[in-house]
Amino acid sequence: MNGRLREYLGTRELYLKMAKIAIPVSLQQLITVGINLMDTIMLSSMGDAQLSASSLAGQFITLFQICCMGIGMGASVLTSRFWGMGEKDSLKKTITIMLRFLVVFAAIFTAATIAAPALIMRIYTPEQPLIDYGVIYLRWMIPTYICMGLSLTCTIVLRTVGQVRVPLVCSIFAFFVNVFCNWVFIFGKLGAPRMEIAGAALGTLIARVFELAFICGYFFFIDKRIRYRLRDVLMNCRDLVREYFRVSIPVLISDGLLALGNNAVAMVMGRIGEAFVAANSVTTVVQQLSSVLTTGISNASGIITGHTMGEGNYEKAQKQGYTFLILGFLIGCAAALVIAILRSPIINYYDVSPEAKAIAYDLMDAIIIIIIFQSMNSILTKGVLRAGGDTKFLMLGDILFLWVASIPLGALAGLVFHWSSFWIYTMLKIDQIIKCVWCYYRLKSGKWLKKINKAGEGVR
C-alpha cells in the first residue's frame, strides 16, 4: 500500500524536473502580477473612474492575450510532444503555423481597436466617463497586439523545450521598464507631461516593445535548441496543418470562449456599478498574486506530461497526473491562506472609495473558497489533460459550464436579484468548482491520453 501511494505522490526526479520549470515560470508570473499591481496602485490615486476604465479596457486586451495563449498552448501540445520524440522538423513546422495564425489574430484586434474603440468600451459599460477614459487607453495600446502576441507565443514554445530562464530575465527587466515609465508618464515626472490613464497605457506599451525585442531577438537569432530562424516562417507545413488544427483549434476555441466569458463577466460587473468594478480590480491582482505557483505547476505539468507521452510511457503519465492534482489541492489551500492573511493590508493600501473597499472584502471571502478549486482545475485543464491531447473534451467543458452556469447565474444574481457581492462573485465563478469535479473523473478514466501524429503521418 505504501509503495502504491508513493507512486501517486511522485518521485524525487519528478519534483526536481518540475521545480526547474515551475520556479522560473512562477517568478515570471509573479513579476507580471507585480506590474499589474503597480499599475492599479498608481492609477487608483486618479480616482475610481480612471482605475475602472483601464480595468474594463484591459478586458479587451486580455481577450486577445488569452487568444494568444490559446494559440501558443495549442501549439505547445505538439511542440512538447515532438521535443520528447526528437522530431525537430515537425516542431519547426508547428511553430511556423502558430506564427502565421497569430499574425491574422493580431491584425483583426488591431483593426477593431483602430476602427471602434468607443464601441468596444460600450460593450463593457454604459457610463460615459468610463467610456471616454477607456477610449484614451485603447488608442495608446493599438501597437501592443503584435508585440504581445509574438513575445507570448514564442515564450510558450521556449518553455516546452526547457528554456525558461530567458523569459524570466526578460520579465524582470520589463517590470522595471513598466514601473519607471508609468511613474514618469502617469504623474508627469522628469519633465514629461502628466498623462494619467494615457501614461499608464504608454508605460505598458513601452514594456511590451521591450519584451518583443528581447524574446523574439533571442528566439529568432540566438536560440540553439530549436534553431528556428526567420527564414523558417516560409517553410512548407502542409503535411502538419491537419494535425495542428485537430489538436490546437479546440484549445483556441476553449481559451477564446473562456476569454469571451471573462469579458461577459466584466460586462455584468460594469453594469452593477463603478465601485464594483474598482473593487474587482483590487481583488483580481490579489487573486493573480496568490495563483503564481499554480501557474508554474500548470506549465510544468503540461510540459512534463507532453515529454513523458512523447517517450511513449502513457502509464507513467497517468500516475503523474494524480501527483499534479494532489499538488493543485495543496497549493490551492496555501493560496487561500495567503489571501486571508494579506487581504486587509492590500485593500487598505489602495486609494479607492469606502464603498469599493467594502465590496472588495466581500469578493475576497468568495475568492478564498474558489481559489482551491481553481488551482486543481487549472493544473488539469491547462496542464495535464491538455498535454495529453484531450483538447476537444476540455473545449466542451469550457463552453458548457461557463456559458450555461457562470454567466447566466452571475447575471441573475447581480442584475435581477441584486444579491450581495459575495454571492454575485461566487455565481460568476461557479464554473471553477463544477469543472474541477468534471476534470477529476476525466483524469481517472484515462481517456485523456491521446496519440499525436508527426509530420508526414496521417490521422489515425
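Helix α2 gives the most to the lining of the second largest pocket, with three residues. Helices here are DSSP runs of H or I with at least four residues, strands are runs of E with at least two, and both are numbered from the N terminus.

A word on the source. This is a predicted model, in which local features need pLDDT of at least 70 and side-chain atom pairs count only at pLDDT 80 or more, while totals for chains, interfaces and linings use all residues. Residues are numbered from 1 along each chain as its sequence is written, and side-chain values use heavy atoms, with hydrogens and water left out.

Back to the pocket. The search runs on a 1 Å grid over the protein atoms alone: a pocket is an open set of points with protein on both sides within 12 Å along at least five of seven lines, a cavity is a set where a 1.4 Å probe fits but cannot get out, and lining residues have an atom within 4 Å of a point. Grid points are joined across faces, edges and corners, and a volume is the space filled by probe spheres set on the points. By that count, the second largest pocket holds about 190 Å³ of space. Two elements give two or more residues to its lining, namely α2 (12-44) and α12 (292-310). The lining residues are Lys-17, Lys-20, Ile-21, Trp-83, Val-161, Gly-162, Val-164, Ile-303 and His-307. Sorted by class, five are nonpolar, two polar and two charged. The classes put Ala, Val, Leu, Ile, Met, Phe, Trp, Tyr, Cys and Pro under nonpolar, Asp, Glu, Lys and Arg under charged, and the others, Gly among them, under polar.

Next, α12 itself. Its 19 residues reach 27 Å from first C-alpha to last, close to the 27 Å expected at 1.5 Å a residue; the expected span is 1.5 Å times one less than the number of residues. How much of α12 is buried? The answer is 17 of the 19 residues, so the helix is largely enclosed by the rest of the structure. Buried means under 20% relative accessible area, exposed means over 50%, and partly exposed is in between, with a 1.4 Å probe and protein chains only. Just after α12, Gly-312 takes a positive phi of about 90 degrees.

The structure holds three cavities of 30 Å³ or more.

Now the chain as a whole. It has 17 helices and zero strands. The radius of gyration is 22 Å, close to the 23 Å that the globule rule gives for 460 residues, so the chain is as compact as a globular protein of that length. That radius is taken over C-alpha atoms, and the rule is 2.2 Å times the number of residues to the power 0.38. Along its principal axes, the C-alpha trace spans about 55 × 55 × 35 Å. Buried residues make up 59% of the 460. Of the contacts (heavy atoms within 4.5 Å) between residues at least 6 apart in sequence, 83% join residues at least 24 apart.

Leu-190 is not a glycine, but has a positive phi of about 55 degrees. Leu-190 sits in the loop between α8 (165-187) and α9 (197-221) and is exposed, at 64% relative accessible area. His-418, also not a glycine, has a positive phi of about 55 degrees. His-418 is in the loop between α15 (391-416) and α16, and counts as exposed at 59%.

Ser-421 belongs to α16 (residues 421-428). Is Ser-421 buried or exposed? Ser-421 is buried, with a relative accessible area of 11%. Leaving aside neighbours within four places in sequence, Ser-421 is in contact with Phe-276, Ile-359, Asp-362 and Leu-363.

Last, Met-267 lies in α10 (residues 238-272) and is partly exposed, at 27%. Met-267 and Arg-122 are 145 residues apart in sequence but 9.2 Å apart in space, C-alpha to C-alpha.
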